[in-house]
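Subject: Structure handover

Hello,

Here is the structure I said I would pass on. Please look through it first; my notes on what was found follow below.

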Amino acid sequence: MARDGKGNKKAFYRYVSDRSQTRENAGPLRKQAGDLVTRDVEKAEVLNDCFASVFNSKCSSHTTQVAEGKGGDWENAEPPTVREDQVRDCLRNLKVHKSMGPDEMQSQVLRELVDKVAKPLSIISERSWQSEEVPTKWRRGNITPIFKK
């Protein structure tokens, strides 16, 4: 394998993939109270609490930096508009080889239906800006915690 690895990369990576260890689920996590949790639902709640504690609803440090960097006052300014052509451009530039999100919609499908979905998505986005609310389903994501040493 060592001699042929340079000429046959596919065989080499298949060999490495077959020999690599499978990933296990995240180990037990500790709540703020000090209790260990082992159930997946409890682990998700602990991670959610940890992520939520970093940000607050008014302003995260990232949005503060953006507002300061632009020199604008976001609270007094009108919300940005979301035009149909902007949505269309974004959909046309989707990377088709990326995995699906929680909506299980492949980006290739969105690219092919760009003329049909651009207008509804721009309306939803515009209303979301105006109402300062995000549709509940847009808040969902496939999140996999990965242990780092």
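**Salt bridges**

Asp115 and Arg92 are joined by a salt bridge between their side chains, with 3.5 Å from N to O. This pair links distant parts of the chain, as Asp115 belongs to helix α6 (residues 114-131) and Arg92 to helix α4 (residues 84-92), 23 residues apart. The term salt bridge is used here for a side-chain nitrogen of Lys or Arg within 4 Å of a carboxyl oxygen of Asp or Glu. Helices (H or I, at least four residues) are DSSP runs, numbered from the N terminus.

The model is predicted: local features need pLDDT of at least 70, side-chain atom pairs count only at pLDDT 80 or more, and totals for chains, interfaces and linings use all residues. Residues are numbered from 1 along each chain as its sequence is written, and side-chain values use heavy atoms, with hydrogens and water left out.

Asp115 counts as exposed, at 52% relative accessibility, while Arg92 is partly exposed at 39%. For these words, buried means under 20% relative accessible area, exposed means over 50%, and partly exposed is in between (1.4 Å probe, protein chains only). Asp115 and Arg92 also belong to a network of salt bridges that links them with Glu84 and Arg88.

By the rule above, there are six salt bridges. Another of them is between Asp40 and Lys43, whose closest N and O atoms are 4.0 Å apart. Both residues lie in helix α2 (residues 40-54), three residues apart, about one turn of the helix. Asp40 is exposed, with a relative accessible area of 52%, whereas Lys43 is buried, at 9%.

The side chains of Glu42 and Arg39 form a salt bridge too, at 3.8 Å from N to O. Glu42 is partly exposed, with 23% relative accessibility, and Arg39 is exposed, with 52%.

In soluble globular proteins, nonpolar side chains tend to be buried together. In this model, the largest nonpolar core consists of five residues: Val82, Val87, Leu91, Val114 and Ala118. Two or more residues of this core come from each of α4 and α6. A nonpolar core is a set of buried Ala, Val, Leu, Ile, Met, Phe, Trp, Tyr and Cys residues joined through side-chain atoms within 4.5 Å.

Val87, one of the core residues, is in contact (heavy atoms within 4.5 Å) with Val82, Ala118, Leu121 and Ser122, leaving aside its neighbours within four places in sequence.

Regards
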